[in-house]
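These are my notebook entries on the structure shown below. I record what I looked up, entry by entry.

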Amino acid sequence: MRVQATAKYLRHSTRKTRLVTQQIIGMPLEQASAALRFMPQGAARDVAKVLDSAAANAENNHDLARDDLVVVAATANEGPTIKRIRPRAQGRAFRINKPMTHVTVVLENKEA
């Protein structure tokens, strides 16, 4: 049975978050959470929270054991962008884009 969790509007760039999510695909739950704990990227902390949420969904909603769960898919999709203006010399304006990301983690039993 597939179980998923999603976190929306995370303040990280999508490209940098995808580097983190691609590394945990196919790993068992405990190994993936250990890998995320020691990654230097800032997005790893948010992806770890989504992974823990998916594991809690599997335990509480579907009565699945944590030891049998494997990360089947982990995606980082582009969210909306916050647009800001920074004043520059001689009356010009410089645009600052602050991207957001939607992260989804899907877990499944080893037997399935």
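Which residues have the most contacts inside the largest nonpolar core? I began from the record: the model is predicted, local features need pLDDT of at least 70, side-chain atom pairs count only at pLDDT 80 or more, and totals for chains, interfaces and linings use all residues. Numbering starts from 1 along each chain as its sequence is written, and side-chain values use heavy atoms, with hydrogens and water left out.

**Core.** I found 27 residues in the largest nonpolar core, and those with the most contacts inside it are Val20, Ile24, Leu36, Leu51, Val71, Val105 and Leu107. Such a core is a set of buried Ala, Val, Leu, Ile, Met, Phe, Trp, Tyr and Cys residues joined through side-chain atoms within 4.5 Å; buried means under 20% relative accessible area with a 1.4 Å probe, protein chains only. I noted that β1 (2–10), α1, α2, α3, β2 and β3 each supply at least two residues of this core. Helix α3 gives the most, with nine residues. Helices are DSSP runs (H or I, at least four residues), as are strands (E, at least two), numbered from the N terminus.

**Helix α2.** I listed Leu29, Ala32, Ser33 and Leu36 as the buried residues of α2 (residues 29–37). They lie on the same side of α2 because they cover an arc of only 95° around the axis, taken from the directions from the helix axis to the C-beta atoms. They pack against α1 (14–24), α3 (43–62), β2 (69–87) and β3 (93–109).

**Leu36.** Leaving aside neighbours within four places in sequence, I found Leu36 in contact (heavy atoms within 4.5 Å) with Val20, Ile24, Ala44, Val47, Ala48 and Leu51.

Note on methods. Buried < 20%, exposed > 50% of the residue type's maximum accessible area, 1.4 Å probe, protein only.
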